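Visitor: Could you take me closely through one part of this model, the ligand site and what surrounds it?

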Amino acid sequence: MAVRDILVVPNPVLKQVSKPVERVDDSIRALMDDMLETMYAAPGIGLAAIQIGVPLRVIVMDLAGQDEEPQPRYFVNPEILEDVDELQPWEEGCLSVPDYYEEVERPRRVKIRYLDYHGKEVVEWAEGLYGVCIQHEMDHLNGVLFIDHLSRLKRQRAIRKVQKALREKETEKV
Ligand code: K2U
Ligand code: ZN
């Protein structure tokens with residue numbers, strides 16, 4: 001297992017549409033193991049493969065609280081089968097848009113279908129933090145960031161803030 005670098009805006013790779021996985025084999029499981037280790041190290045509660053530069057439709061997640069046992073979850077080729085009209089606002093962040101948080105509205109519940117760590121098909125409803133996180137991650141698989149749901153002004157402000165923080169980090173190293 002290895003901790004991989006997480007791409008940040010405005011890296012154009014993050015805008016790519018990721019490709020479906022043909023077979024959940026050992027190489028895909030090794031990728032998910034690396035993604036999970038990278039997510040825990042960030043720290044975060046979700047991660048899409050494109051965030052470490054791999055354009056495959058793979059997501060990992062762990063919504064367990066700090067005082068709970070880890071509950072890793074793996075999603076290969078996830079699809080949204082149904083959603084509801086009711087929208088819910090949620091303050092979101094993103095490991096690819098560090099230290100920027102804004103409210104985003106998404107459907108309150110979504111019915112999803114995916115393949116698990118062993119390639120077994122799962123169909124279930126997701127709501128609450130699970131519903132928000134899976135929609136946020138599935139956006140990544142389509143090259144969409146949560147800031148793309150914001151106004152142009154807020155999106156530009158977010159990108160400028162991340163770039164300024166990266167410049168300051170570079171000057172500190174000198
Ligand atoms: O895609 C990512 O960068 C992972 C996000 C997942 C996430 C986004 C929005 C709402 C919930 C989860 C990161 O984990 S951002 C860090 C974070 C951690 C806890 C709660 C919210 C955001
Ligand atoms: Zn994100």
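**The ligand 1 and zinc site**

Guide: An oxygen atom of ligand 1 lies 3.0 Å from an N or O atom in the side chain of Gln 51, a polar contact being a pair of N or O atoms within 3.5 Å, where within protein one must be able to donate a hydrogen and the other to accept it, and residues adjacent in sequence count only if both atoms are side-chain atoms. This is a predicted model, in which local features need pLDDT of at least 70 and side-chain atom pairs count only at pLDDT 80 or more, while totals for chains, interfaces and linings use all residues. Residues are numbered from 1 along each chain as written, chains are lettered from A and ligands numbered from 1 in the order written, and side-chain values use heavy atoms, without hydrogens or water.

For Glu 137, a side-chain N or O atom is 2.9 Å from an oxygen atom of ligand 1, and a polar side-chain atom of His 136 is 3.0 Å from a ligand 1 oxygen atom. His 136 also coordinates the zinc ion (ligand 2) through NE2, alongside Cys 94 (SG) and His 140 (NE2), at 2.1 to 2.2 Å; donors are N, O and S atoms within 2.8 Å of the metal (3.2 Å for Na, K and Ca), and water is not among the atoms, so sites may look incomplete. Because Cys 94 lies in strand 4 and His 140 in helix 2, this pair ties together parts 46 residues apart in sequence (helices, H or I, of at least four residues and strands, E, of at least two are DSSP runs, numbered from the N terminus). Both Cys 94 and His 140 are buried, that is, under 20% relative accessible area with a 1.4 Å probe and protein chains only.

Technical notes
Buried < 20%, exposed > 50% of the residue type's maximum accessible area, 1.4 Å probe, protein only.
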